[in-house]
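Q: I have a structure open and would like to go through it step by step. Can you take my questions as they come?

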Amino acid sequence: MKRDERTEKLVAAFLFYVVVLSLLALLGAIFFPAASVLRQIGKESGQGPAILIPLSFLLLSFLYGFIRARRHLKRSQTVAAYGWLMGTSLLSILLLYLYLKQMIGS
């Protein structure tokens with residue numbers, strides 16, 4: 001019985017980190033082109049690299065969500081863990097879209 005619990009926790013942790021890595025790949029695929037677009041806008045408008053500061057805050061919000069999700073996973077609350085991961089990922093992507101829309105529009 002004890003061995004089944006350990007195996008279950010190990011599989012849950014493995015799947016959790018697979019999901020985390022896939023979300024990081026998704027965020028990287030979205031954020032790197034956005035950073036180059038923002039860098040170009042910063043050069044043209046004379047704002048410089050300060051235009052990239054909001055991107056770092058969006059990535060830090062994903063890091064916070066990852067830390068909270070890992071804490072929930074340790075308590076065997078997998079639904080809450082995946083909720084934190086998906087929620088912070090979607091929030092980061094939505095805020096990035098809104099920021100890009102504002103910067104391109106201005």
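**A nonpolar patch and the rest of the chain**

A: Start with the surface: Ile53, Phe57, Leu60, Leu63 and Ile67 form a nonpolar patch there, with about 480 Å² of accessible area together. The model is predicted, so local features need pLDDT of at least 70 and side-chain atom pairs count only at pLDDT 80 or more, while totals for chains, interfaces and linings use all residues. Residues are numbered from 1 along each chain as its sequence is written, and side-chain values use heavy atoms, with hydrogens and water left out.

Q: What makes a patch here?
A: Patches are made of residues with over 30% relative accessible area and no salt bridge; like charges are joined within 9 Å, and nonpolar side chains (Val, Leu, Ile, Met, Phe, Trp, Tyr) within 5 Å. A salt bridge is a side-chain nitrogen of Lys or Arg within 4 Å of a carboxyl oxygen of Asp or Glu. The areas come from the Shrake-Rupley method with a 1.4 Å probe, and for residues only the protein chains shown count as cover.

Q: Take Leu63, then. Where does it lie?
A: Leu63 lies in helix H2. Helices are DSSP runs of H or I with at least four residues, strands are runs of E with at least two, and both are numbered from the N terminus.

Q: Is Leu63 buried, partly exposed or exposed?
A: Leu63 is partly exposed, because its relative accessible area is 42%. Buried means under 20%, exposed means over 50%, and partly exposed is in between (1.4 Å probe, protein chains only).

Q: How many helices and strands does the protein chain have?
A: The protein chain has three helices and zero strands. From the N terminus on, its elements run α-α-α.

Q: And the overall dimensions?
A: The C-alpha atoms of the protein chain fill a box of roughly 65 × 15 × 15 Å along the principal axes. The radius of gyration is 18 Å, whereas a compact globule of 106 residues would have one near 13 Å. That radius is taken over C-alpha atoms, and the globule rule is 2.2 Å times the number of residues to the power 0.38.

Q: What share of the 106 residues is buried?
A: Buried residues make up 27% of them. Ala81 is found in helix H3, and its C-alpha atom is separated by 15 Å from that of Leu10, 71 residues away along the chain.

Q: Is Val79 buried or exposed?
A: Val79 counts as exposed because its relative accessibility is 71%. Val79 is found in helix H3 too.

Q: Switching to charge: which residues form the positive surface patch?
A: Lys2, Arg3, Arg6 and Lys9 form it. Lys and Arg count as positive and Asp and Glu as negative, while His and the chain ends are not counted. The place of a charge is taken as NZ of Lys, CZ of Arg, CG of Asp or CD of Glu.

Q: What about Val37?
A: Val37 lies in helix H1. The C-alpha atoms of Val37 and Asp4 are 50 Å apart in space, with the two residues 33 apart in sequence.

Q: Last one: where does Ser76 lie?
A: Ser76 lies in the loop between helix H2 (53-74) and helix H3 (78-105). The phi of Ser76 is near 60°, a positive value in a residue other than glycine. Most residues other than glycine have a negative phi. Gln77 lies in the loop between H2 and H3 as well.
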